[in-house]
Amino acid sequence: MTSQSEKLPGAVAAPPSPARRRRRRPLSGYLFLAPAVAFVVLTVIYPLLYNIVQSFFDVGLREVAQGGATWVGLDNYADQFGRSKFWHALQVSIVYSFGTVALTFATGLGLALLFRRAFRGRNIMRGLILVAWVLPTVVSANVWRWLMDGSYGLLNAVLAAVGLLDRDVFWLGEPNTAVAAVIVATAWSFGPLAMILLSAGLQGISPTLYEAARIDGASAWQQFRAITFPLLRPVSLTVTLLIFIFTFKTFDTIFLMTGGGPGGATEILPVYAYQEAFEFSRFDTAAVATTTLMVVPLALAIVYFRALRAEERA
C-alpha cells in the first residue's frame with residue numbers, strides 16, 4: 001500500500017517527529033563544540049600531558065633532535081628536589097606571588113571603594129586605570145624598567161626632588177629592592193582586574209545595610225569591618241586565588257625587567273624553567289619545574305573550593 005504523499009504529486013513530506021528532532025539536536029550541538037574542544041585539546045591538554053610525561057624521561061638536546069629518550073622515573077624529581085637553586089626559585093616565586101596578591105588586593109579594593117562614590121570625572125578616571133590592564137606586558141614592563149632606572153629613572157628624580165633621596169638607587173640592580181620593584185610593577189598591571197571584580201561584589205551589597213548602620217551611629221570604618229569586608233569574602237577569595245594563579249606563572253614581566261637577577265634575587269620558577277630548557281638544554285628538569293608550576297595553584301584551588309563549599313553549607 002502506498003502512502004498519501006506518494007499518491008499525490010507535489011505533496012510535501014511530513015515534518016520529522018519531535019522524538020527524531022531530539023535525537024538530532026545533541027549531534028548538532030557536538031558538531032558546534034568540536035572546533036573549540038579540538039583547540040583546547042591541541043593547545044592545552046596535549047602540551048600539558050606531554051610536559052608531565054617528559055618529566056619522567058631523560059630528555060636533552062640530542063633526544064629532542066634524534067628521539068630515543070630513556071625512562072628514568074622519578075629521578076628527575078629527586079634531582080630537582082635536591083637542588084638548592086630549585087628551592088630558591090620556588091621560594092622567590094611564593095614571596096613574589098603572595099606579595100603581589102596582597103598589594104593587588106589592597107589596590108583593587110581601595111579603587112573599588114573609591115569609584116563606588118559619585119564624583120566628577122569618575123568614568124574617565126576609571127577608564128584610564130583600566131589601561132594598565134589592557135597594555136601589553138612588554139610595554140608595561142619596559143615603562144617600569146625606565147621609571148626605576150638608577151641613572152635616569154623618573155622615580156629617583158621625583159624622590160630626590162622632594163628630599164627623600166640623596167643618591168642614585170638602582171632599584172632593579174640591588175637584591176634588596178629588585179623583588180619589591182617587580183611586585184609593584186606586577187600589582188600595577190593586575191590592580192584594575194581586582195578593582196573590576198571587587199566592584200561587582202560591592203554592587204551586590206544592599207545599601208539598606210549601610211543605612212541601618214548609619215542610623216545606629218556606626219562609623220565608616222565600623223561599616224567596612226562589619227558589613228563590607230564580611231560580605232565581600234566570597235569575591236575576595238576568588239580574586240586572591242585568580243591573582244595568585246596569574247602571578248605564580250608570570251614569566252614575561254620579570255624576564256623583561258630583571259631577567260631573574262641580580263644574582264638570582266628575582267629568579268622565579270618560570271624563569272628557572274626557561275633557563276633549564278633554553279639555556280642549558282635540560283628539557284626534562286625544565287618539565288619538572290613547569291609541572292610544579294601546575295601543582296601549586298591546583299592545590300590552592302582545591303583548598304579554595306573546599307572552603308567555599310563549607311561556607312555554603314554553614
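Reader: Which helix gives the most to the lining of the largest pocket?
Author: α15 does, with seven residues. Helices here are DSSP runs of H or I, at least four residues, numbered from the N terminus (strands: E, at least two). The model is predicted: local features need pLDDT of at least 70, side-chain atom pairs count only at pLDDT 80 or more, and totals for chains, interfaces and linings use all residues. Residues are numbered from 1 along each chain as its sequence is written, and side-chain values use heavy atoms, with hydrogens and water left out.

Reader: What makes a residue part of the lining of a pocket?
Author: An atom within 4 Å of a pocket point. A pocket is an open set of points on a 1 Å grid over the protein atoms alone, with protein on both sides within 12 Å along at least five of seven lines; a cavity is a set where a 1.4 Å probe fits but cannot get out. In the largest pocket, 20 residues line the space, and Asn51, Ala273, Ala286, Thr290 and Leu293 lie nearest its centre. The elements giving two or more residues to this lining are α2 (18-54), α12 (233-248), α14 (269-279) and α15 (283-313).

Reader: Why is asparagine 76 called buried?
Author: Buried means under 20% relative accessible area, exposed over 50%, partly exposed in between (1.4 Å probe, protein chains only). Asparagine 76 has 8% relative accessibility, so it counts as buried. It lies in helix α4 (residues 75-81).

Reader: Why is tyrosine 274 called partly exposed?
Author: Its relative accessible area is 28%, so tyrosine 274 is partly exposed. Tyrosine 274 lies in helix α14. Leaving aside neighbours within four places in sequence, it is in contact (heavy atoms within 4.5 Å) with Phe251, Phe255 and Glu279.

Reader: How do you know that the span of helix α9 agrees with expectation?
Author: The expected span is 1.5 Å times one less than the number of residues. The 29 residues of α9 (residues 175-203) should therefore span 42 Å, and the end C-alpha atoms are 42 Å apart, which agrees.

Reader: What is noted about phi of serine 281?
Author: Phi is near 60°, a positive value in a residue other than glycine. Most residues other than glycine have a negative phi. Serine 281 is found in the loop between α14 and α15. With a relative accessible area of 24%, serine 281 is partly exposed.

Reader: Which residues does a cis peptide bond join?
Author: Glycine 261 and proline 262, with omega about -5°. Most peptide bonds are trans. Proline 262 is found in the loop between α13 (252-257) and α14.
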